[in-house]
Amino acid sequence: MNHAARRIGRSLALVLPVVLVLSGTLAVARVPWSSSSGTQMLTASEHRASTKATSRAPQDVLRDRLVAELQEKDPGVALTGLQQEMAQRPSLARHCTSIARALGRAAVQKYGSVQRASRYSRPVCDTSFATGASRMR
């Protein structure tokens, strides 16, 4: 009797996992995951592309926004925006110098001369705007 019980136990130990996996696979295959009423499905590559666009660092977003503002208006407006952002979001303070330097470089590119871009210089982030402008020579 003991020998027969062991044999049945071993058989079940081998067969039961296979049966469970197959029944689970069949159950999942029969579920209507999407209705056929014209819904659009995204592929995995589309999902990755959308997450890349939204995963930019806050300092990069701020820098790009301020450079665009500088191009539309003038460097004074962008530097004022930088000062306001640093007051509102102190966590970005460590990036202030690099953003101000980028604004200085963008101002030189916009006006074509260091002297004209330097007119807008302010003591924002330890004169990093002027440093960025002067290195464009």
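This is a predicted model: local features need pLDDT of at least 70, side-chain atom pairs count only at pLDDT 80 or more; totals for chains, interfaces and linings use all residues.
**Exercise 1.** State where E85 is found and which residues E85 is in contact with, leaving aside its neighbours within four places in sequence.

*Solution.* Step 1: helix 4, residues 75-88, contains E85. Step 2: with neighbours within four places in sequence set aside, the contacts of E85 are L62 and R65.

**Exercise 2.** Describe the largest nonpolar core: which members touch the most others, and which helices each supply at least two residues?

*Solution.* Step 1: the core has 22 residues, and those touching the most other members are L62, L82 and L103. Step 2: at least two residues each come from helix 3 (58-72), helix 4, helix 5 (96-111), helix 6 (114-118) and helix 7 (128-134). Step 3: helix 5 gives the largest share, eight residues.

**Exercise 3.** Locate V19, classify V19 as buried, partly exposed or exposed, and name the residues that make a nonpolar surface patch of about 290 Å².

*Solution.* Step 1: V19 belongs to helix 1, residues 2-30. Step 2: its relative accessible area is 45%, so V19 is partly exposed. Step 3: L14, V15 and V19 make the patch.

Methods. Residues are numbered from 1 along each chain as its sequence is written. Side-chain values use heavy atoms; hydrogens and water are left out. Patches are made of residues with over 30% relative accessible area and no salt bridge: like charges are joined within 9 Å, nonpolar side chains (Val, Leu, Ile, Met, Phe, Trp, Tyr) within 5 Å. Accessible areas come from the Shrake-Rupley method with a 1.4 Å probe; for residues, only the protein chains shown count as cover. A salt bridge is a side-chain nitrogen of Lys or Arg within 4 Å of a carboxyl oxygen of Asp or Glu. Helices (H or I, at least four residues) and strands (E, at least two) are DSSP runs, numbered from the N terminus. Buried means under 20% relative accessible area, exposed over 50%, partly exposed in between (1.4 Å probe, protein chains only). Contact means heavy atoms within 4.5 Å. A nonpolar core is a set of buried Ala, Val, Leu, Ile, Met, Phe, Trp, Tyr and Cys residues joined through side-chain atoms within 4.5 Å.
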